[in-house]
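Subject: Structure for you to look at

Hello,

Below is the structure I said I would pass on. My notes on it follow.

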Amino acid sequence: MAKQVKYNLSEKDIPKDWYNIVADLKNPPPPVLHPGTGQPVGPDDLAPLFPMEIIMQEVSAERYIEIPKALRDVYRQWRPSPLHRARRLEQALDTPAKIYYKYEGVSPAGSHKPNTALAQAFYNKKEGVKRLTTETGAGQWGSSLALAGAFFGLEVEVFMVKISYNQKPYRRAFMETFGATCHASPSTLTEAGKAILKENPDSTGSLGMAISEAVERAVQRDDTKYALGSVLNHVLMHQTVIGQEAIKQMEMADDWPDYVVGSTGGGSNFAGIAFPFIGEKLRGGRKTDIVAVEPAACPTLTKGRYAYDFGDTAQMTPLVKMHTLGASFVPPGFHAGGLRYHGMGPLVSQLTEEGEVQPRAYHQTECFAAGVAFAKAEGIVPAPESNHAVKAAIDLALDCKRDGTKKTILFNLSGHGYFDMQSYADFMAGKLKDEDFNQDELAMALAGLPKVAAE
């Protein structure tokens, strides 16, 4: 049997700064627009939602932003996360490729999400905020913010997409264990939720709907702010601790990836692993092909339009230019709940438009099959979201087998699937079905995109 190899860093190797890829982009990012005026937003426009230090990070063009020592001390509980050489998987595939994975499931919440949840809670606490509202899909983000709220003494209210709320009761229990309040979205607690339920009482929910509810609750109280688990620049930047560590670990292995792979829903774990490698390339350094993997049932990068759109269903958020399926688009209820979002992070979208990112899409059953194969070889059950990256890594390794090429593949195993075992049970019982989005509904959602003069 092949020997598994793990590359560990020490606490002194925890990154001291977040990496901001905006500093290295070929073109400046398109401005964020006010939903009412259509004009670029300023810091004051975002103040009802975010603390000022987060806002300044969101609009920053500095290459590096210092991670506060108090936050790095919290990161030490699980960072640096390990990087593994998947020798047993390589052997099972009989591939000449070398496969590495960065494992973020070692965090207290079991995923990459605490990297930004703790940062956002830290800055909100510093500004005197008492309460945070948020949305969550599969529950990994809600779990992480609940954890961060417990660490920093903040109340947390979570609106969880209804189908995931029903599918994943243990995620809900995890949030409540850390003191958070969790609601199925759409709910009757907000005007946005009541409007959605009036039109469709059986709505299974979407991240866009849950965002609307969380934002509405945040702006109603002066002691409350909103926290977002993906999409926006500051969130993606907080995740770059992953890729910065991975670069050091690949150097420890005396290797460099030909491919870096990440699953994509809003872009946070993908950006975390990929942005530091893209930055290296943009600055004239070592080159890597970057692969973003999304669900075929919610194919934002592969089927969406690059346009200005709202981040939420009720059209309360600022307009950002991104790959989108339309804010009113409701994806089918497949199990990778963290990837059921109509839009993609603006920076991920821009880099895709500029040819730096190669997107691909897979159906859920082939991703679960890849996850089972990975688990049998490596001993870790991946989260349903992470299975998309596993599937792409396996496909790339099998390409090497067919071509006889020796490539190095690195992917982000963004979380474990131990709260998602019902979905694995359904898969193994043959109950898990591939679902495609409704083409007519997509066309209607895209037809409803806002008209923006900036385009």
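Arg286 is partly exposed, with a relative accessible area of 35%. Here buried means under 20% relative accessible area, exposed over 50%, and partly exposed in between (1.4 Å probe, protein chains only). The model is predicted, so local features need pLDDT of at least 70 and side-chain atom pairs count only at pLDDT 80 or more, while totals for chains, interfaces and linings use all residues. Residues are numbered from 1 along each chain as its sequence is written, and side-chain values use heavy atoms, with hydrogens and water left out.

Salt bridges

A salt bridge is a side-chain nitrogen of Lys or Arg within 4 Å of a carboxyl oxygen of Asp or Glu. By this rule the model has 25 of them. In one, the side chain of Arg286 meets that of Glu280, at 3.1 Å from N to O. Glu280 is buried, at 18% relative accessibility.

Helices (H or I, at least four residues) and strands (E, at least two) are DSSP runs, numbered from the N terminus. Glu356 counts as buried at 8% relative accessibility, whereas Lys26 is exposed at 52%.

Lys281 belongs to helix H13, and the two residues are 75 apart, which links distant parts of the chain. Lys281 is partly exposed, with a relative accessible area of 27%. Elsewhere, Glu11, Lys69, Asp73 and Arg76 are joined in a network of salt bridges.

Nonpolar cores

A nonpolar core is a set of buried Ala, Val, Leu, Ile, Met, Phe, Trp, Tyr and Cys residues joined through side-chain atoms within 4.5 Å. The largest one has 84 residues, of which Trp18, Tyr75, Tyr226, Phe275 and Leu410 touch the most other members. Helix H13 (residues 268-282) gives the largest share of this core, seven residues. Apart from it lies another core of 28 residues, including Ile99, Ala370, Ile380 and Ala392.

Contact means heavy atoms within 4.5 Å. Neighbours within four places in sequence aside, the contacts of Tyr75 include Ile14, Trp18, Pro114 and His238.

Helix H2

Which residues of H2 are buried? They are Ile54, Ile55, Gln57 and Glu58.

Helix H6

Gln140 is in helix H6 (residues 140-152) and counts as buried, at 7% relative accessibility. Leaving aside neighbours within four places in sequence, Gln140 is in contact with residues including Ser111, Arg171, Glu385 and His416.

Regards
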